[in-house]
Each structure stands twice: as structure tokens, then as C-alpha cells.
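Here is a short briefing to read beside the structure. Keep the 3D view open and find each residue as it comes up.

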Amino acid sequence: MYFCLCCGYQTLYEKPPGTYFVCPICFWTDVDLDSWTRFELRKAQLNYVHQGASNKEWLAQVRPPTKQDYRHPQWKLLDTKIREDGTKVKNLIITAFNDVHREDGISLHESDLTMYIINYNGPPSFFRYDSSCHRQLLADARAKDVETHWKDIPTQTLEKFIFLSSLSHYLDKKGWKYYLPAYLVWSLNKYIYNRWHNECFIDVVNSFILKDTHYPLNYEIEDFEFFSRDEYLAILSSEQLSAICQFLHFGLTYEWIDEVYKKNIKNFIQDYCPTI
Ligand SMILES: [Zn+2]
């Protein structure tokens, strides 16, 4: 007999998930677990604990556990595990990046405008930065980002830019290092405080961690510079790299990720933090 993923009692005749067996104690149907159903399970468990059934419409069908029912000794709400693990990873990031300030690094609005300028002028290799026309526009954009510590960046600002896949292309190393922890914590908060499907994990990973190339504008040479991912990662301390890998590990554990991304993320952890 196997344990029900929702209530934790030993009620399944086949190994979950995906048996489609309905548990008689909580009435959870043992579906395959993907990102959607994992969050359904999180809610179903809370329903079971607070209301007595995985969904209140099944209250008449469920039966209470008896002395003969055996519950897995380590059973814990998925909600509790996500909050505990998510908070641990969040604290690692906050500690590792606590002293990071933006200084003269490129800001989000500035980076975003760079992208528009490029779109009007062609790809970076053909682009010439026109100081007379662009410098004031970029300075105005930069003035919109007033905070100097990443913990103070308004959520609305982070959310305004995260869905731009080229977001971190145009942040220089200082800007990238400054916005990276803000986005990692923002994504974790989605898990910790929202009992809902989290679509932003992969966006953050793609934009900030797995991105192969960066093209920040260098005002001194009035052109873009090219940097590889390794050159950006090289500015992080081992504590900061380790915090990023713990963040990735958390995502691998709780988020549904397609096989290609999963492989890339595992390779990243293997390359940069093999001890995790
Ligand atoms: Zn159950």
C-alpha cells in the first residue's frame, strides 16, 4: 500500500502520482503532478486539514481515518514545506547579497530604453550609440530608478520588466548583480505568500541565470560591450553562487519545469555548485 499525497494516509494500491485512485479519507484523486496540479494539491491539503475533505463538495463522501489507518510519519503539508524551504533560500539570498548596492550600475529603466534604441537601430553589432540624441533620454530613464538598495526596489517596477526576455542583456555587471537578488526574492515570495501557480520562476532563471550573453552599453566607448555568462558569474562570491544554486534547487523541487530547462538547470548547479 502507498501513501496518499494529499492526506498522507496509506490508502493507495499503486504508487502515486498518476494512479487516478480516489482516496477514501480525503477524496483527492491521485492525478499526475505538474505545475498546475501541484498547486491544486497544495490547496487540497489545506482544504482537508481545515474542512475535512480535499474539496468541500466531497464532504459527504469522505470517511474519517480509523485506528487501522496508518499515516506516513513524515507527512507534512506541501504548503508548510514550500514556506519553510522557500524562506530558508530567501534568507540565504538576503544574507549573501546584503552588501550589494547599484552604485553606478545600469538601472532597469535605463536598460529597457537601451533595448528600444537597439530595436530602432538594428542588432548591437551594427549599433552606434549617438550620445547627442540618446544620452539625455537614458539619463531621464535612469532617474526613474531612485532606490539604491535592491531590497527597496518596488514590486511594481520588478513586475514591469520581468517578462522582457532580453531584460538582463543590457544590464552591466553591477546592474545585473544588483537586480539579480531582487528578482530571486520576488520569485520566492510568489511561492511563500501566494498559494498559486508560479509562472515567474523560469522567467527569472532565463533572464538572470541561464542567459549566455550580455550586451551592456558602455558610455565611455559609446558602444555596446559583449560579455559571456561566465564573465558575469565571475563577479559573484562563492556564497552568492551557492545561494543562486539553492534557489535553482528549490525550483527543481517544487516547480514544474520542462525537460530541457531541467537539464540546463542541473548542468548549471553541477558546474557552479557541485556540492549541492
Ligand atoms: Zn488522502
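Domain bounds here come from an automatic or database domain assignment. With those bounds, the C-alpha centres of domain 1 and domain 2 lie 39 Å apart. The model is a predicted one.

**Domains**
- Domain 1 covers residues 2-75.
- Domain 2 covers residues 82-272.

**Two packed helices**
- Two packed helices are described by the angle between their axes and the distance between the axes.
- Helix α2 spans residues 78-96, and helix α9 spans residues 238-254.
- Their axes are 8 Å apart and meet at an angle of about 160°.
- Angles over 145 degrees count as roughly antiparallel, so α2 is roughly antiparallel to α9.
- The crossing of α2 past α9 is left-handed.
- On the α2 side, the contact residues are Ile82, Asp85, Gly86, Val89, Leu92, Ile93 and Ala96.
- On the α9 side, they are Glu239, Gln240, Ala243, Gln246, Phe247, Phe250 and Tyr254.
- Sorted by class, this contact of α2 with α9 holds nine nonpolar, three polar and two charged residues.

**Asp79, in α2**
- Asp79 also belongs to helix α2.
- Asp79 counts as partly exposed because it has 18 C-beta neighbours inside 10 Å.
- Asp79 and Tyr193 are 114 residues apart in sequence. In space, their C-alpha atoms are 9.9 Å apart.

- Most residues other than glycine have a negative phi, and most peptide bonds are trans.
- Pro16 and Pro17 are joined by a cis peptide bond, with omega about 0°.
- Pro17 sits in the loop between β2 (10-12) and α1 (35-51).
- Tyr20 is not a glycine, yet its phi is positive, about 60°. Tyr20 lies in the loop between β2 and α1.
- Phe27 is not a glycine either, and its phi is positive at about 65°. Phe27 lies in the loop between β2 and α1.
- Is Tyr20 buried or exposed? Tyr20 counts as exposed, because it has 11 C-beta neighbours inside 10 Å. The cut-off for exposed is 12 or fewer.
- Is Phe27 buried or exposed? Phe27 is buried, because 24 other C-beta atoms lie within 10 Å. The cut-off for buried is 20 or more.

**Pro216, in the loop between β3 and β4**
- Pro216 is found in the loop between β3 (213-214) and β4 (217-218).
- Pro216 is buried, because it has 25 other C-beta atoms within 10 Å.
- Which residues does Pro216 touch, not counting residues up to four places away in sequence? They are Ile106, Tyr170, Leu171, Asp172, Phe224 and Glu225.
- Pro216 and Thr114 are 102 residues apart along the chain. Their C-alpha atoms are separated by 8.7 Å.

**Phe163, in the loop between α5 and α6**
- Phe163 lies in the loop between α5 (155-161) and α6 (173-193).
- Phe163 is exposed, because it has 11 other C-beta atoms within 10 Å.
- Phe163 and Asp130 are 33 residues apart in sequence. From C-alpha to C-alpha, they are 27 Å apart in space.

Key:
Residues numbered from 1 in each chain as written. Predicted model: local features only at pLDDT ≥ 70, side-chain atom pairs only at ≥ 80, totals over all residues. Axes fitted to C-alpha atoms, helices over the stretch in contact; angles between N-to-C directions. Helix = DSSP H or I, 4+ residues; strand = E, 2+ residues; numbered from the N terminus. Parallel < 35°, antiparallel > 145°, perpendicular 65-115°, else oblique. Left-handed = near helix turned anticlockwise from the far one by under 90°. Contact = placed C-beta atoms within 7 Å. Nonpolar A, V, L, I, M, F, W, Y, C, P; charged D, E, K, R; others polar.
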